[in-house]
Amino acid sequence: MTGVVLAVAVSSALVTGSAGPAPRHAAQAVAPAAGKKATGITLDGDHLTVAQMRAVLHGNAGPVRLAPAAADRMRAAREGGLLALSRGQRVYGWNQALGPLKDRPLTDAEQRDFQRRVLRSHAAGTGEEVPPGVARLALVLRANAMARARMGVRPEMVERMLALVNAGVTPVMPSIGSLGTGDLQPMAAAGLVLTGDAGTARLREGPARGAAEILRQAGLPVEFPLEAGETLPLISGSGVLTARYTASVDRAERFLDQFRGAFALFLEATRAEAGSLDERTHAERRIPAQEHEAARLRELTADSAWMTEQGRERYGEESPRVQDAVSVRAAPHITATARQTLDEAQTIITREANASTSNPLLFERPDHTWEFVMGGNWDGARIGHAIDTLNAQITDVAVLSHELSGRLIASKWSYGLPDNLAGPPVGLNSGLVQVQTVGAALIPEMQTRAMPAGVLSRPEKFGQEDHNTMAMASVRNLDDNLSRAEIVLAVQFLLAAQGIDLARPTMGDLPLAKATDTLHHRLRERVPALGDDRWLTPDVDAAIDMVTHGALRPDGS
């Protein structure tokens, strides 16, 4: 393993829970500075940060290695664990079978073969492949959890996992099968690749192929047999769930940043009354995230001549606006609830990444003997419920986005923009009305998939696993809804930009805010303004592509 490696640290208070969530902006700078090579990550089980996790997710973390001190602790713990077994302790997954078969003892001769059989039997998942960045991060998260030296695995196992990561070998993990009671199916699939026994993997960006072929191509030994007790720590944890949550949080931030830009364009197109962004009003609510949202919107629209009495008069409004609709005045309040949840996610993810999320765990007694303790630290309820909450809030913002789009296509609701945002002659041209219904088609799907899966537990495996968090269903719902939300937001961008183009001839020399003008120009580089009706699917697809890749984030977000 080569490369300069940087050991990093975060406040221990954040890991133990005595501090509040990390500032949102602090977790975003994950890429190395331009021209600088990523220096890497050292895992010790205590100090993995959200910024580092995002770097792994996006493939710019550099080499990842195990801290020597952590390796020493792991060796000592495994020696103590094996001694506890030799003295007669019966331990789940070591010298006892699993699940409903937990009462079946395993002989010393069976224990090593048992590890291979568990991986084969548990690698039964199906569905779409987990994104490669998520699979890569899941391996790093499990390695970091093992580095805490509570699971009894050899440091060589962690080093094998990191060898795959550093060589660009990513196991293909299925997305369906886990109930949030550990990452059994996806991590078992990873385990087959890890051991070289079966499964499929990718080498960097290449196609999925058999594990043995990929390992040889990467220059790694094909076979890596597991020793007694090493399968359960790999699959009985929350690595995949935490990795997927981290990716979803990253994506949700990108979505909310772009909603801010789309909303600013809406405010310009409708010459909205800026009083709803007044700093004094938001300070009275005493919600920092709300104050921040309003402040950013003030910055984006501060120098607009359209959002003034002069601008409204220029467009033909004969009386003061007084106030806009609820969707306009309460937008900072609505988005702030999701922002606050994303801030809280930093703490949840950091704690989970630096915790012993497995069963059983190994502890040293005061007399320096060791014992295994059976528990439920693999449980994903905390993450699952947080995911359900974020899903509901992203859905709410998407509903808001759709409502704003609905205002833009109606002349009465937009204060005089042409109906359907049609180019002249209106009526001969139908405009963007069917683009707006693209968003409408997705809102019921989002609302249905916002149902919290975390309340839908069902007993399985003869009642041995009689409560399941269903957290993996929660994160699939969130990811699917983020895809829908990005389409809904792309529609709003198209409509708001068209509204600005249709209003501009009347507004004459009155300028848009500099920030909104820049954002409008960026969209128009890919999607030209609509005059006469044309085939609109390419326009919609281009806008969706821009939103999906974060291209419509306002500068400074």
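Helices (H or I, at least four residues) and strands (E, at least two) are DSSP runs, numbered from the N terminus. This is a predicted model: local features need pLDDT of at least 70, side-chain atom pairs count only at pLDDT 80 or more, and totals for chains, interfaces and linings use all residues. Residue numbers start from 1 along each chain as its sequence is written, and side-chain values use heavy atoms, without hydrogens and water.

**View 1. G219 in the loop between helix 8 and helix 9.** Helix 8 spans 211-217 and helix 9 spans 231-235. G219 is exposed, at a relative accessible area of 61% (buried is under 20%, exposed over 50%, partly exposed in between; 1.4 Å probe, protein chains only). A167 lies 52 residues away from G219 in sequence. C-alpha to C-alpha, G219 and A167 are 8.2 Å apart.

**View 2. An open sheet of three strands, in the order 4-6-7.** The pairing is antiparallel (two strands pair if DSSP finds at least two bridges between them). Strand 4 (169-171) and strand 7 (209-210) stand at the edges. Each has a single partner strand, so one side of each lacks a neighbour in the sheet. Three bridges join strand 4 to strand 6 (residues 200-203). P171 stands opposite A201 in strand 6.

**View 3. Helix 16 against helix 18.** Helix 16 covers residues 381-408 and helix 18 covers residues 471-507. Their axes come within 9 Å and cross at roughly 20°. Helix 16 is therefore roughly parallel to helix 18 (under 35 degrees; over 145 is roughly antiparallel, 65 to 115 roughly perpendicular, the rest oblique). Axes are lines fitted to C-alpha atoms, for helices over the stretch in contact, and angles run from 0 to 180 degrees between N-to-C directions. The contact residues divide into 16 nonpolar, 10 polar and one charged (Ala, Val, Leu, Ile, Met, Phe, Trp, Tyr, Cys and Pro count as nonpolar, Asp, Glu, Lys and Arg as charged, the others, Gly among them, as polar).

**View 4. Cis peptide bonds at P360 and P425.** The bond from N359 to P360 is cis, with omega near 0°. P360 sits in the loop between helix 15 (331-353) and strand 8 (361-364). P424 and P425 are also joined by a cis bond, with omega about 0°. P425 is in the loop between helix 16 and helix 17 (433-449).

**View 5. Positive phi at R204 and R286.** R204 has phi near 55°. R204 lies in the loop between strand 6 and strand 7 and is exposed, at 56% relative accessible area. R286 has phi of about 65°. R286 lies in the loop between helix 11 (279-285) and helix 12 (288-301) and is exposed, at 72%.
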